[in-house]
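Here's a friendly walk through one protein model. Have a look at it first, and then we'll go through some of its features together.

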Amino acid sequence: MERVCLKTPTLSGNIYVGDGAVENRLPALSSGQKNFVVTDSNVYALYAAWFERYFKETEIFVLPAGEKSKNFQSLYEILTKMTEANLHRTSRLFAVGGGVVGDIGGLAAALYMRGISCVQIPTTLLSQVDSSVGGKTAVDLGGVKNIVGAFYQPCEVLVDSDFLKTLPAREIKCGLGEIVKYAALNKKIFKRLSEHKDRLGDLAFLTELTLDCIRHKARVVQADEKESGERRSLNVGHTTGHAIELVYGLSHGECVLHGMRLETKMAIDAGVCEKEYGEELLRIIDGALAVLPTTPTSLSVDEYAGKAKSDKKNIGDGKIRMSVAKALGKWTDFSLGYDEYRAALVKASKD
């Protein structure tokens, strides 16, 4: 088990990574105060005995599984149950699940009594390599992803690969989206994926990359907690990816891959991304998309392009703002007016 320390102006927290992280850390974290658990129906069904072992006397709120639960009504219900459970300032919330649970559970912890302690226990590959780390919490509103939220750091994150043993193959492979994103930003991860394109569907191989992804993100968040500079790099593929996700309802990781593929092509065509490097990144992305069990054969630009107008990364100047890979280990901001963006998408989708 490895420990990564993430220090920000608001909190110094630890991320424990490896087999046994939960068994070694959870008993101490869950004792000495009143607790509350947020999870989803899939995780709760799979781990009933686990919840009985660690949270026998604890109020457990079970969300219906899926992105549709990440809304104000669910948040209201969680906060109401927290109030009815008579939680206090020294209480602790445990978010046990994937990205949806981590996002809404973290936001509930941030809001209740203006902030109580939160522990993230991610159970999917995507949440383990990315969303559980860094303190981004949010719910969706008005058809816009993550538009209402807060930066609120967990006191601890327990990344235990034991949870991945029960994941469906599709969920494991969807974690590839965020792993490939880190390859676009990190030389070491890029080299590993480039040399092992034949192992992109191999859980053991992907698990080996988890610690490197977390270390990269922790370093970026420490330097830029509130996303005013380098943290924007972590949005590679996400502007177009979120737009696709909102229209097609595919998993977040899969949509990030589609978004990266299109935005990398656009950046190459605009001379923003080095051609040779960009083409190798595209080979990695295409390899990752190929291991998904199903994927749409075509994405209609007319259906999703307009969604990018409301992306929260835009700054109100009428342009669509993207973070794109530039060269090995380098990224840059890339903005286009909407008409230019749509035209570039049309070209990229046909190549």
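Helices (H or I, at least four residues) and strands (E, at least two) are DSSP runs, numbered from the N terminus. With that in hand, you can find Arg321 in strand S10, residues 319–327. This is a predicted model, where local features need pLDDT of at least 70, side-chain atom pairs count only at pLDDT 80 or more, and totals for chains, interfaces and linings use all residues. Residues are numbered from 1 along each chain as its sequence is written, and side-chain values use heavy atoms, with hydrogens and water left out.

Back to Arg321. Contact here means heavy atoms within 4.5 Å. Setting aside neighbours within four places in sequence, Arg321 touches Arg232, Thr239, Lys313, Asn314, Ile315, Asp333, Phe334 and Ser335. Tyr338 is 17 residues from Arg321 in sequence, and their C-alpha atoms are 9.8 Å apart.

| Charged residue | Ring | Distance to ring centre |
|---|---|---|
| Lys309 | Tyr338 | 4.2 Å |
| Lys181 | Tyr182 | 4.7 Å |

Lys181 and Tyr182 take us to helix H8, where both are among the buried residues. Buried means under 20% relative accessible area, exposed over 50%, and partly exposed in between (1.4 Å probe, protein chains only). Helix H8 (residues 176–183) has 8 of its 8 residues buried, so the rest of the structure largely encloses it.

Now for the aromatics. Rings of Phe, Tyr and Trp (its six-membered ring) pair if their centres lie within 6.5 Å; planes under 30 degrees apart count as stacked, over 60 as edge-to-face and the rest as tilted. There are 8 such pairs in the structure. One of them, Tyr44 with Phe51, is tilted, at 5.4 Å centre to centre and 45 degrees between the planes. Tyr44 is partly exposed at 36% relative accessible area, while Phe51 is buried at 2%.

Tyr47 and Phe163 make an edge-to-face pair, because their planes stand at 75 degrees, with centres 5.2 Å apart. Tyr47 sits in the loop between helices H2 (41–46) and H3 (48–54), and Phe163 in the loop between strand S9 (156–159) and helix H7 (169–174), so this pair ties together parts 116 residues apart in sequence. Ring pairs join Tyr44, Tyr47, Trp50, Phe51, Tyr54, Phe55, Phe94 and Phe163 into a cluster.

Note on methods:
A charge sits over a ring if NZ of Lys or CZ of Arg is within 6 Å of the ring centre and within 35 degrees of the ring normal.
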